[in-house]
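Here are my notes on the model you sent over.

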Amino acid sequence: MTNTKRQKRSSWNKGKTGLAAGWTPERRAAASVRQRAWCVENPKSSFFQYDRQSRWKTGPDPEVRAHYYRFLRMRCQARYWCQDWTIKWDDYLALLRYSSGKWGRTMGSINLVRLDTLKGWHMDNVQLMERSESLNRQRAIDPATGKTVKRRRKTGRRPQRWKKTRDQ
């Protein structure tokens, strides 16, 4: 009789580590001796030639890689705050290469800022500016009310109520 249902069998050491998985000190020492012997026999193996930097999207430069992740965080923040983002990575990288100072969060560092905060993040609406200068800029004023313009509501979910109600 054949069973058409697939039976789920977990691995013999599923979720087990250390001694529970059978790795006694003797077994660990024997595996270490075998691994060292294999390393001596195979010195030109790709195991030793693995270079993580060659697999980076941005190339081997760690500074460019750090700015790539900074670019991704900026893009995600713009999306979170309902702001348009049309800047491509190549344009952002060109801005990085064009800048003369160090980018960062200190007052003397350089940041990418929007010229008109009511518009989105587009190449014609951004410029590099020293952080202290960008923080001291005047905020946009709504001509109808005469007050500063607040950010639009986030696109995320509303926060859950953590306080238990009587109905629950």
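What share of the contacts in the protein with a separation of 6 or more comes from residues 24 or more positions apart? Those pairs account for 36%, where contact means heavy atoms within 4.5 Å.

1. A word on the basis. This is a predicted model, in which local features need pLDDT of at least 70 and side-chain atom pairs count only at pLDDT 80 or more, while totals for chains, interfaces and linings use all residues. Residues are numbered from 1 along each chain as its sequence is written, and side-chain values use heavy atoms, with hydrogens and water left out.

2. Overall layout. The protein has five helices and two strands, in the order α-α-α-α-β-β-α. Helices (H or I, at least four residues) and strands (E, at least two) are DSSP runs, numbered from the N terminus. Of its 168 residues, 22% are buried; buried means under 20% relative accessible area, exposed over 50%, and partly exposed in between (1.4 Å probe, protein chains only).

3. Helix 3. After the helix comes cysteine 82, which has a positive phi near 60°.

4. The covered side of helix 3. Its buried residues include Val64, His67, Arg70 and Leu72. Helix 4 (89–98) and strand 1 (110–114) are among the elements that cover them.

5. Aromatic rings. The structure holds nine aromatic pairs, counted when ring centres of Phe, Tyr and Trp (its six-membered ring) lie within 6.5 Å; planes under 30 degrees apart are stacked, over 60 edge-to-face and the rest tilted. Tyrosine 68 and tyrosine 69 have ring centres 5.6 Å apart and planes at 75°, so they pair edge-to-face. Tyrosine 68 is buried at 15% relative accessible area, whereas tyrosine 69 is partly exposed at 40%. Both belong to a cluster linked by ring pairs, which also includes Trp85, Trp89 and Trp121.

6. Methionine 123. This residue lies in the loop between strand 1 and strand 2 (126–130) and is partly exposed at 35% relative accessibility. Leaving out residues up to four places away in sequence, methionine 123 touches Ile87, Asp91 and Leu95. Tryptophan 85 is 38 residues away in sequence, yet 9.3 Å away in space, C-alpha to C-alpha.
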